[in-house]
Amino acid sequence: MRPAVRPQNPCFSSGPCAKRPGWSPALLEGALVGRSHRSKAGRARIQEVLDRSRALLEVPPDYHIGIVPASDTGAMEMAMWSLLGARGVDVLAWESFGQGWVTDITKQLKLPDVRVFAADYGRLPDLSLVDWGRDVVFTWNGTTSGVRVPDAGWIAENHTGLAICDATSAVYAMEVPIAKLDAVTYSWQKVLGGEGQHGVLILSPRAVARLETYKPSWPLPKLFRMTKGGMFTEAIFRADTINTPSMLCVEDALDGLRWAEEIGGLPELLRRSEANLAAVAAWVERTPWVDFLAEDPDTRSCTSICLKIVDPWFTSLAAEERGHAAKEVASLLEAEGVAYDIAPYREAPPGLRLWGGATVELYDLEALLPWLDWAYAEVRGSWGSSTPRPAAYGAPPGA
Ligand SMILES: Cc1ncc(COP(=O)(O)O)c(C=O)c1O
C-alpha cells in the first residue's frame, strides 16, 4: 500500500546534506557580499565562524582551527602533503574515501614506508594493528559504507606519530575526541547542512611543531602552504584565509552554527543523529528484505546509514541486475518526491543510503521508512517473479 504520510523534507543526501530545519535563503540577507573578506567586517565574520566552531566542537585552546580551500578534500590533502614523509605511515581504508587517501599516499606522494590496512565494504580493518609511533591516516566515518570507528579507545593516548583524521561526516554527529588527534578535517556541507567548497582544518601543537621542523621534499602549491620561512603561518588560522572564501557560505555556516547552539549544542546534535539511526535500526530489525551494510552494530554510522538488500530474490540476481534494481528503488522514491539522492555512492555495493545527520528530522526519517517498503515491493513486483529482468534493461543474454 502506498503510504499516506510523506516526509516534509525529502532531502536525505549524504552531501550536500539537508539544510537545517527552518532554513531559507532569506536568512543570508545579512551576508557580507560585495565586500572584501580582508576588511575588518569580513575578517570578523570569518573569525566568528572559527570561534563558534571551536566552542561547539570543544577544540582544545592550544589547537588551531582554520578555513581552507577545496572542502574536505582540500583540507586532507593540505594536511597530508604538509605533514607526511617525516616518518612511516599507517593508513586505514574501508571504503572509497579512505581508499582515496591511500592512493594519495602511495601513488601520488609515493612515500617509501607505508602500511595499508584495508577492509571491504561493511567492515573495519583490524584497528589493533596500528602502530602509533608512525603517522596514522584514517577516516572517522566511512561515508560510502556507513561504517565508523566504534570509539577512540584504539587511539594510543600518548602517540608519537601524528593522527590525521578525515572526520567530515562525523563531526557534529559523533564523539570525535579532537584532543587525541593532530589533524582533523571536515567540510561545511555535511552535518550542519552548510555549503560546499570550504574545508576546515584543525591542527594540534604537535602538528604545528612538525610543520616547523620538517620540510617535505616535494613542492607545495600556495594552496597547501602553512609555513613561511620555516615558521607556521598562524594568520591562516586567524581569519586570514589563504585565498578568497565565499562570504555567502560564511554567512550560511554561521547560521548553521547558531542553530546548533540554540537547539542545545553538541550533545543535542549527537542525540538527534543517534535517534535517527535508532529509528532506522528498529525498522531494519522488523524488515526481512533489508540489513545494515555495517556488519558490527558498534560500527554503524549514525550519519551515512548504508543499507543492503538481503531478500533472496534480490541476492539471486546477477551483480549488474542488483545494481539496476536498487537504483530503481531510489529513482522511484525520487520520482515520488519522498527521498532524494539515496542511491549509494557509485563505487559502493548496491543498496540504499540514508543521511541521518542532525539536520534531518526524526519524523521525516520515520515517514520515509514505509515508503522504502513500498518502493522495494513495487520494484520487485515490476520485475516479476522470474528473473531475468524487464525489457527496460534489454533482453537477457542469449534470449
Ligand atoms: C569521508 C569523506 N571524505 C571526503 C569527502 C570529500 O569531501 P569534499 O567533497 O567536501 O571535499 C567526503 C564527501 O562526501 C567524505 O564523506
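Visitor: In what order do the seven strands of the open sheet run?
Guide: This is a predicted model, where local features need pLDDT of at least 70, side-chain atom pairs count only at pLDDT 80 or more, and totals for chains, interfaces and linings use all residues. Residues are numbered from 1 along each chain as its sequence is written, and side-chain values use heavy atoms, with hydrogens and water left out. Strands here are DSSP runs of E, at least two residues, numbered from the N terminus (helices: H or I, at least four), and two strands pair if DSSP finds at least two bridges between them. The pairing is mixed, and the order is β1-β9-β8-β7-β4-β2-β3.

Visitor: Which strands are the edge strands?
Guide: Look for strands that pair on one side only. Those are β1 (64-69) and β3 (114-118).

Visitor: What is the bridge partner of valine 91 in β4?
Guide: Strand β2 (residues 89-93) pairs with β4 (residues 135-139) in the parallel sense, over three bridges. Valine 91's partner in β4 is valine 137.

Visitor: How much of the protein chain is buried?
Guide: Buried means under 20% relative accessible area, with exposed over 50% and partly exposed in between (1.4 Å probe, protein chains only). Out of 399 residues, the buried share is 57%.

Visitor: What radius of gyration does the protein chain have?
Guide: That radius is taken over C-alpha atoms, and the globule rule is 2.2 Å times the number of residues to the power 0.38. For 399 residues, a compact globule would come out near 21 Å, so the chain agrees with its 22 Å.
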